[in-house]
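Here are my notes on this model, point by point. Please read them with the structure open.

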Amino acid sequence: MTFARLPGKDDFVQFAPGFGQRYLVTIDVEEEFDWTRPIQREGYSLDAIEAITDFQTLCEQYGVTPLYLVDWPIISDPRGKEIYGALVREGRAEVGIQLHPWVNPPFDEEVTQRNTYAGNLPPELERAKFYRLRDAIAEVTGKQPIAYRAGRYGIGPETLNLLREAGVRFDTSVRANFDYSKAEGPDFSHYPLEPYWLDRRLDIVELPVTSVYWGLLRRQGPIFPFAQMAGLTKSLMARGRLLERISLTPEGISVTEVIRGIDIALDDGLPILNFSFHSPSLRAGHTPYVREPADVEAFFDWWHQVLSYLASRDIKPTCIGDIDAAILR
C-alpha cells in the first residue's frame with residue numbers, strides 16, 4: 001500500500017531563520033481496547049478519557065502546546081466534547097483528526113485486519129468516515145482541523161487526494177523506519193524523517209513520526225530488513241550495539257534509550273522531533289506499556305526527564321501553528 005511518492009531532495013520543507021530545531025508532542029487520543037485480541041467494533045471503553053487533563057497540566061509546566069489527534073469515540077462522547085472543545089477555545093492545545101475506521105461511522109465494511117487501515121477502504125467509504133469525524137471535531141472545537149493522522153498509520157493511495165479536498169494541510173501518519181506491509185498496512189521503511197511537501201501548490205506537509213536507528217549499522221538501517229527480523233534477533237543486535245530502532249515515545253522506550261535517540265536526531269540536523277503516544281497509556285491496564293498504577297507514575301516521570309533534557313539542550317517545543325508560520329513557501 002502506497003501513500004505518496006518518495007520525496008526528492010527539493011521536496012524537503014525549509015524553515016525561517018531562527019526556527020532551529022524544535023520538538024512536537026502528538027497524542028493519539030482514542031478508545032481503550034485489548035491490543036492482544038482481534039480488533040472489534042464493539043466492546044471498547046473510555047475509562048481514560050479524562051486522564052488527558054493530567055497530561056495537559058504537565059505540558060503546560062514545560063510550555064508545550066500538544067496536538068491531540070482525536071477519533072470518533074472520543075469526540076462523540078460528552079466528556080470528550082467538553083475537554084477538547086475547552087482546550088481549543090482556550091488556546092491550550094491543538095486538535096486534529098485520527099481515523100479509526102472500525103469505530104467510525106458509517107459502518108459499511110467488515111471488520112478485518114486489512115480494513116483497520118483506512119487507506120485500504122474503498123475511496124468513497126474512507127472519505128465518508130473522514131468527513132464524519134472532521135465535521136464532528138469542527139463542531140466541537142469551532143475550528144476546522146488542519147492536521148491528520150490515520151489510525152494505525154493506515155494511509156493509502158487515495159488519502160492525499162482526500163487531504164487536498166478537505167483542506168487538511170499537515171499529515172503525521174508516516175511512521176518513518178517502520179513497515180506494516182505484512183499486516184496489509186503501509187511500508188514506511190524508506191521514507192525520510194524530515195518534514196517534506198506532499199503537495200507544495202496546496203501547501204500540504206508531511207510531519208513524520210520520529211524513529212531513528214542507533215548502533216554500528218545505523219547508516220544501513222533503512223536498507224536493513226529490520227521489520228522482518230524476529231524479536232530475539234532484534235534484541236541481540238541491540239545488545240551487541242549493532243542496530244537498534246528508537247522511537248520517540250514513552251511506550252516501550254526507556255529514558256536512556258530515548259535520550260540516545262534525541263541526540264542522534266539532533267546531531268543529524270532533524271528540524272522537528274515528533275514525539276507520540278496513545279492516550280490509554282495515561283491510565284493503568286489499558287496498554288501493554290502501562291499495566292500497574294506504578295507504571296503511570298513512571299510514565300509521567302519519563303516525560304519530566306525527557307522534557308527537562310530537551311530544555312537543557314535548548315530545544316524548544318513547537319506546535320502546528322508555529323510550524324505553519326515558520327515554513328518558507
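1. Start with strand β8 and its partner. The model is predicted. S211 sits across from S247, a residue of β9. Four bridges hold β8 (residues 211-214) to β9 (residues 244-247), and the two strands run antiparallel. S211 and Y213 point one way from β8, while V212 and W214 point the other way. All of these β8 residues are buried.

2. Next, strand β4 (residues 147-150). A147 and R149 point one way, Y148 and A150 the other, and all are buried. In a regular strand, side chains alternate between the two faces of the sheet.

3. Which strands pair with β4? One is β3, joined to β4 by three bridges and running parallel to β4. Here I97 has Y148 in β4 as its bridge partner. Another is β5 (residues 170-171), joined to β4 by two bridges, again parallel. In that pairing, A147 has F170 of β5 as its bridge partner. The chain gets from β4 to β5 through helix α5 (residues 159-166), and this β-α-β crossover is right-handed. β3, α4 and β4 also make a right-handed β-α-β unit.

4. Is R149 buried or exposed? R149 is buried, because its relative accessible area is 0%, and the cut-off for buried is under 20%. Its side chain makes a polar contact of 2.6 Å with the side chain of D28. Leaving aside residues up to four places away in sequence, R149 touches T26, D28, L69, I97, Q98, L99, T172, S173, V209, N274 and S276.

5. Helix α3 spans residues 78-89, 12 residues in total. From first C-alpha to last, α3 reaches 16 Å, close to the 16 Å expected at 1.5 Å a residue. At the start of the helix, a side-chain oxygen of D77 comes to within 2.8 Å of the backbone nitrogen of R79. Just after the helix, G91 has a positive phi of about 70 degrees.

6. Which residues of α3 are buried? They are G80, I83, Y84, G85, A86, L87 and V88. An α-helix has 3.6 residues a turn, so residues three or four places apart point the same way. What covers the buried residues of α3 includes strands β1 (22-29), β2 (67-70) and β3 (94-99). Helices α1 (52-61), α2 (72-75) and α4 (123-141) are also among the covering elements.

7. Now the aromatic rings. How many aromatic pairs are there? The count comes to 18. One of them is F55 with W303, edge-to-face, at 5.4 Å centre to centre and 70 degrees between the planes. F55 lies in helix α1 and W303 in helix α8 (residues 293-312), so this pair ties together parts that are 248 residues apart in sequence. Both F55 and W303 are buried.

8. A second pair to inspect is Y68 with Y84. These rings are edge-to-face, 5.5 Å centre to centre, with 70 degrees between the planes. Y68 is in strand β2 and Y84 in helix α3, 16 residues apart. Y68 and Y84 are both buried.

9. Finally, the ring cluster. Ring pairs link Y23, F55, F275, F277, F299, F300, W302 and W303.

Key
Residues numbered from 1 in each chain as written. Predicted model: local features only at pLDDT ≥ 70, side-chain atom pairs only at ≥ 80, totals over all residues. Heavy atoms only, no water. Expected span 1.5 Å × (residues − 1). Buried < 20%, exposed > 50% of the residue type's maximum accessible area, 1.4 Å probe, protein only. Contact = heavy atoms within 4.5 Å. Polar contact = N/O pair within 3.5 Å; in protein donor to acceptor, adjacent residues only side chain to side chain. Pairing = 2+ DSSP bridges. Right-handed = clockwise from strand over helix to strand, strands pointing away. Phe/Tyr/Trp six-rings, centres within 6.5 Å; stacked < 30°, edge-to-face > 60°.
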